[in-house]
Amino acid sequence: MPRKAARFRISIKDLYRGDTFKIELIPSDRLWEDRRFLVRVNNRLSTRVDTVTLTEIFHRLRRWIVRRSQGRGEDHHSESR
């Protein structure tokens, strides 16, 4: 089966850790889900969510970035004091 093309792609690079993540949003083919997307992260379909809206994906990205930066952010603040 051919790989379905993504409609949106979000690339995030953590410059502190050197990690790069590619998030692709693929339109859902399911009936009544014309504003929902399948999620592909680093070329693999997501196992944590079935389909998401744009609002849901941006909320998840925001929470993920905040959680990922919390441990490292405290170190930078303590060094500058």
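**Stop 1: Phe 58 and helix H1**

Select Phe 58. This residue lies in helix H1, which spans residues 54–80. The model is predicted, so keep a confidence colouring to hand.

With Phe 58, they form a nonpolar patch on the surface.

**Stop 2: the whole chain**

Zoom out and switch to cartoon. How many helices and strands does the chain have? There is 1 helix, and there are 4 strands. Trace them from the N terminus: the order is β-β-β-β-α.

Show the surface next. The accessible surface of the chain comes to about 6900 Å². Carbon and sulfur atoms hold 51% of that area. Of the 81 residues in the chain, 23% are buried. Now consider the contacts with a separation of 6 or more: 24% of them join residues 24 or more positions apart.

**Stop 3: colour by pLDDT**

The mean pLDDT of the chain is 84. A value of 70 or more is reached by 85% of the residues. Which element has the highest mean pLDDT, and which the lowest? E3 has the highest, at 94. H1 has the lowest, at 75.

Select residues 73–81. Here the pLDDT is below 50. Beyond near neighbours in sequence, this stretch makes 1 contact in the model. Where pLDDT is low, predicted coordinates should not be read in detail.

**Stop 4: the ring pairs**

Show the aromatic side chains. The count comes to 2 aromatic pairs.

Phe 8 lies in strand E1 and Phe 37 in strand E3, so the pair ties together parts 29 residues apart in sequence.

Phe 37 is buried, at 5%.

Move on to Phe 21 and Trp 64. Their ring centres lie 5.1 Å apart. The planes are at 85°, so this pair is edge-to-face too. Phe 21 is in strand E2 and Trp 64 in helix H1, 43 residues apart. Trp 64 is partly exposed, with a relative accessible area of 26%.

**Stop 5**

Turn to charged side chains. The structure holds 7 salt bridges.

Select Arg 68 and Asp 14. They form a salt bridge, with the closest N and O atoms 3.1 Å apart. Asp 14 lies in strand E1 and Arg 68 in helix H1, so the pair ties together parts that are 54 residues apart in sequence.

Asp 19 is partly exposed, with a relative accessible area of 29%.

Salt bridges that share partners join Asp 14, Arg 17, Asp 19 and Arg 68 into one network.

**Stop 6: Asp 29 and Lys 4**

Where do the two residues sit? Asp 29 is in the loop between strand E2 (19–27) and strand E3 (37–41). Lys 4 is in the segment before strand E1 (8–14). The pair links distant parts of the chain, 25 residues apart.

Check their accessibility. Asp 29 has 67% relative accessibility, above the 50% cut-off, so this residue counts as exposed. Lys 4 counts as partly exposed, at 34% relative accessibility.

How values were computed:
Residues numbered from 1 in each chain as written. Predicted model: local features only at pLDDT ≥ 70, side-chain atom pairs only at ≥ 80, totals over all residues. Heavy atoms only, no water. Patch = residues over 30% accessible without salt bridge, like charges linked within 9 Å, V, L, I, M, F, W, Y side chains within 5 Å. Areas by Shrake-Rupley, 256 points an atom, 1.4 Å probe, with all protein chains shown as cover. Salt bridge = Lys/Arg side-chain N within 4 Å of Asp/Glu carboxyl O. Buried < 20%, exposed > 50% of the residue type's maximum accessible area, 1.4 Å probe, protein only. Contact = heavy atoms within 4.5 Å. pLDDT = per-residue confidence, 0-100. Phe/Tyr/Trp six-rings, centres within 6.5 Å; stacked < 30°, edge-to-face > 60°.
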